Amino acid sequence: MKIGKVVGSVWATRKAQCLQGQTFLVVQSEGEQIVAADQVGAGVGDRVLLATGTVASRYCMDAPVDAAVVAIVDGKEGQ
Amino acid sequence: MKIGKVVGSVWATRKAQCLQGQTFLVVQSEGEQIVAADQVGAGVGDRVLLATGTVASRYCMDAPVDAAVVAIVDGKEGQ
Amino acid sequence: MKIGKVVGSVWATRKAQCLQGQTFLVVQSEGEQIVAADQVGAGVGDRVLLATGTVASRYCMDAPVDAAVVAIVDGKEGQ
Amino acid sequence: MKIGKVVGSVWATRKAQCLQGQTFLVVQSEGEQIVAADQVGAGVGDRVLLATGTVASRYCMDAPVDAAVVAIVDGKEGQ
Amino acid sequence: MKIGKVVGSVWATRKAQCLQGQTFLVVQSEGEQIVAADQVGAGVGDRVLLATGTVASRYCMDAPVDAAVVAIVDGKEGQ
């Protein structure tokens with residue numbers, strides 16, 4: 001997974017029907033911005049773990065998303 | 001997902017049979033161009049969310065595509 | 001998908017048995033070379049659409065390939 | 001797979017329920033940091049092999065993770 | 001697929017149980033090193049085709065690997 005920081009959110013009215021009710025956060029991770037579905041209640045400023053790919057979709061009830069916030073990081077040890 | 005901007009489209013007559021009827025948009029996203037199947041009716045100039053990988057294929061009835069427009073972005077909050 | 005240009009081909013006698021009969025094209029796409037299975041009859045000089053990942057394998061009857069030519073591009077509109 | 005070096009760990013209390021009990025290591029690999037689930041008992045300083053994507057999730061009982069430590073490298077021969 | 005050159009191998013005693021018996025080669029491909037399971041009998045100096053992702057795992061009897069050597073390249077035509 002990538003570690004990133006939530007820096008904002010996006011919203012969309014015209015979208016795939018199965019995306020209704022999903023919250024989309026903008027996560028900054030090592031120089032790139034990723035939009036991820038959130039199901040753990042993260043907010044701007046939180047450090048989060050992102051899972052990407054089919055894994056994220058499965059976690060979000062098979063919605064057509066390829067990135068999901070799966071954890072809010074409390075601490076990091078090491079370099 | 002990636003956020004990108006629709007900058008054009010491509011067409012092809014010789015293609016995988018299961019791609020008949022798909023619309024292909026060219027999306028510019030952080031310095032790279034991605035061709036994505038569109039099923040939400042996006043057009044040139046729209047800001048869109050792209051899902052990539054197997055997720056995109058499943059969303060497009062298992063067609064051999066690895067990127068799909070899943071939403072047209074109305075707004076973005078934050079940095 | 002990526003847009004690329006076919007610049008050559010590769011051949012191999014020692015390979016996974018399920019790769020017998022596959023044609024492998026070398027496709028140049030935004031600075032990198034990708035070897036892709038071809039099932040639409042593309043040739044050197046053609047501009048093509050590449051699907052990558054599990055999607056490509058499924059399109060090639062579950063052969064162990066992670067890139068496939070799925071269309072020959074006739075035209076591109078926009079920037 | 002990627003070869004990397006374990007440089008630390010992360011912890012999280014608010015997370016996907018199916019991540020309970022997973023250990024997350026921070027692995028440095030060719031200039032990027034990846035957070036990977038560990039099931040082989042690796043520790044800081046170990047050189048490890050990482051599997052990524054759906055493969056990692058399946059190895060971790062379908063948990064929403066996209067990277068897993070699958071081996072601790074004892075030796076490497078060649079350049 | 002990527003074309004790469006086998007430059008070495010790695011070995012590991014502590015690893016996922018389902019990795020027993022797999023041979024791991026280090027393949028250099030366009031500036032990055034990838035560790036790939038080998039089932040075609042490649043050796044140091046060989047030019048090979050790599051399949052990555054879930055495709056590689058399926059080819060290796062669902063072992064937790066995300067890269068596999070699927071062919072030894074005999075020749076390459078074109079640029």
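Predicted model: local features only at pLDDT ≥ 70, side-chain atom pairs only at ≥ 80, totals over all residues.
Local features need pLDDT of at least 70 and side-chain atom pairs count only at pLDDT 80 or more, while totals for chains, interfaces and linings use all residues. Residues are numbered from 1 along each chain as its sequence is written, chains are lettered from A in the order in which they are written, and side-chain values use heavy atoms, with hydrogens and water left out.

**View 1. The interface of chain E and chain D.** Here 26 residues of chain E are in contact with 22 residues of chain D (heavy atoms within 4.5 Å). The two chains bury about 2,100 Å² between them, 52% of it on carbon and sulfur atoms (accessible area, 1.4 Å probe, lost on being put together and summed over both). On the chain E side, look for E:Trp11, E:Arg14 and E:Asp66: they lose the most area to chain D, together 29% of what that side buries.

**View 2. A salt bridge between D:Arg58 and E:Asp62.** Their side chains meet at 3.7 Å, N to O (the rule asks for a side-chain nitrogen of Lys or Arg within 4 Å of a carboxyl oxygen of Asp or Glu).

**View 3. Strand β5 of chain D beside β2(E).** The strands, DSSP runs of E with at least two residues, pair in the antiparallel sense over two bridges (pairing takes at least two DSSP bridges). Zoom in on D:Ile72, whose bridge partner in β2(E) is E:Arg14.

Conventions
Helix = DSSP H or I, 4+ residues; strand = E, 2+ residues; numbered from the N terminus.
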